[in-house]
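Welcome! Here is a short tour to read alongside the model.

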Amino acid sequence: ATTTMRTVSLPAGEKIPILGQGTWGMGEDAGRRKNEIMALQLGLDLGMTLIDTAEMYGEGGAEKVVGEAIAGRRDEVFLVSKVLPYNATHNGTITACERSLQRLRTDQLDLYLLHWRGSTPFGEVLGAFDELVRTGKIRYWGVSNLDISDMQELVEFPDGQNVATDQVLYNLARRGIEYDLQPWCRQRHIPLMAYSPIEQGRLLDHPQLKQIAAQHRATPAQIALSWLLRQDNLNVIPKTGTPAHVKENRAALDIQLTEQDLQQLDRAFPPPPRKVPLEML
Ligand code: NDP
């Protein structure tokens with residue numbers, strides 16, 4: 001029996017699936033393409049209908065894979081893409097979005113993120129996002145890789161409080177946001193989206209994770225995901241191009257970590273005792 005998909009509420013009130021699917025690395029190898037599409041489609045079948053991509057991934061290749069995977073199923077998907085900072089001038093943002101829409105074979109993104117902060121002033125990027133919302137090309141906008149000081153600056157802009165998410169590096173081995181960014185966002189009901197939730201695979205061999213996994217008849221990937229999935233206000237977007245891993249990741253929602261598990265994980269991966277600047281991959 002699989003638990004129902006839990007949701008995260010956007011500031012606008014809309015609920016999106018807590019567990020989504022990343023796409024970094026997709027669309028780079030023709031030999032893997034079929035599996036990538038199958039994996040994404042299986043994920044949709046299992047309710048992981050939040051798909052995260054970016055113009056950067058495979059230089060548009062990942063968006064093309066996503067476009068193929070969601071063809072005929074666009075309505076099921078909460079589709080997220082990102083603009084590169086060096087494209088993020090006013091007109092550059094609009095045309096980058098239009099190129100993404102073409103590759104994704106759709107006429108609207110659900111959420112469009114500034115991939116990281118570049119040299120364009122926030123006001124100019126927000127102006128472009130606003131125009132994209134008004135013309136119906138995107139529904140919501142958000143940011144990625146912004147630490148607390150950048151977020152504080154952002155929400156001072158007239159439209160800044162409408163930021164739908166900050167997508168950041170967050171997993172057991174990267175807990176810095178717990179010190180300041182996460183409580184700050186929680187207080188303002190701004191969701192966070194945890195990227196690289198299994199540290200791009202580097203968490204899979206960790207002895208503590210292996211031990212807890214064995215106790216739950218689960219895998220280390222599932223323990224790393226379930227540790228994130230127990231939190232509120234947080235989306236989790238593992239990437240996999242392997243259909244069997246999609247099922248495994250979905251099943252992480254069924255795992256209930258015990259108090260003892262959580263204490264052991266805190267010892268193996270201590271929470272931050274002081275400010276740690278936001279890291280990015
Ligand atoms: P993840 O932590 O999601 O790890 C992905 C790796 O783990 C892949 O090699 C995948 O291999 C493997 N994997 C996935 N599930 C399993 C499993 N159940 N068992 C074993 N191995 C598994 O790293 P990502 O960096 O890809 O992060 C996820 C997504 O977040 C990205 O794809 C992207 O969409 C987003 N992201 C955003 C960034 C930003 O700057 N905003 C930066 C980095 C990521 P396989 O495919 O073979 O399963």
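The notes below cover a helix, a ligand shell and a set of strands.

This is a predicted model, in which local features need pLDDT of at least 70 and side-chain atom pairs count only at pLDDT 80 or more, while totals for chains, interfaces and linings use all residues. Residues are numbered from 1 along each chain as its sequence is written. Helices (H or I, at least four residues) and strands (E, at least two) are DSSP runs, numbered from the N terminus.

**Helix H9**
- Val246, Asn249 and Arg250 are buried in H9 (residues 243-251); buried means that 20 or more other C-beta atoms lie within 10 Å of a residue's own, with C-beta atoms placed from the backbone.
- These residues sit on the same side of H9, because they cover an arc of only 100 degrees around the axis, taken from the directions from the helix axis to the C-beta atoms.
- The buried residues of H9 pack against helix H1 (33-45) and helix H8 (220-229), where contact means C-beta atoms, placed from the backbone, within 7 Å.

**Ligand shell**
- H9 also gives the most to the shell around the ligand, with 3 residues.
- Of the 28 residues around the ligand, Gly22, Trp24, Tyr195, Lys239 and Thr240 come nearest; a residue is near if its C-beta atom, placed from the backbone, lies within 6 Å.

**Strand E6 and its neighbours**
- Strand E6 (residues 138-144) is largely enclosed by the rest of the structure, because 6 of its 7 residues are buried.
- Strand E5 (residues 109-114) runs parallel to E6, joined by 5 bridges (pairing takes at least two DSSP bridges), and Leu111 stands opposite Tyr140 in E6.
- E6 and strand E7 (residues 166-169) are parallel too, with 2 bridges; Val143 has Asp166 in E7 as its bridge partner.

Definitions and conventions: Buried ≥ 20, exposed ≤ 12 C-beta atoms within 10 Å, placed from the backbone. Contact = placed C-beta atoms within 7 Å.
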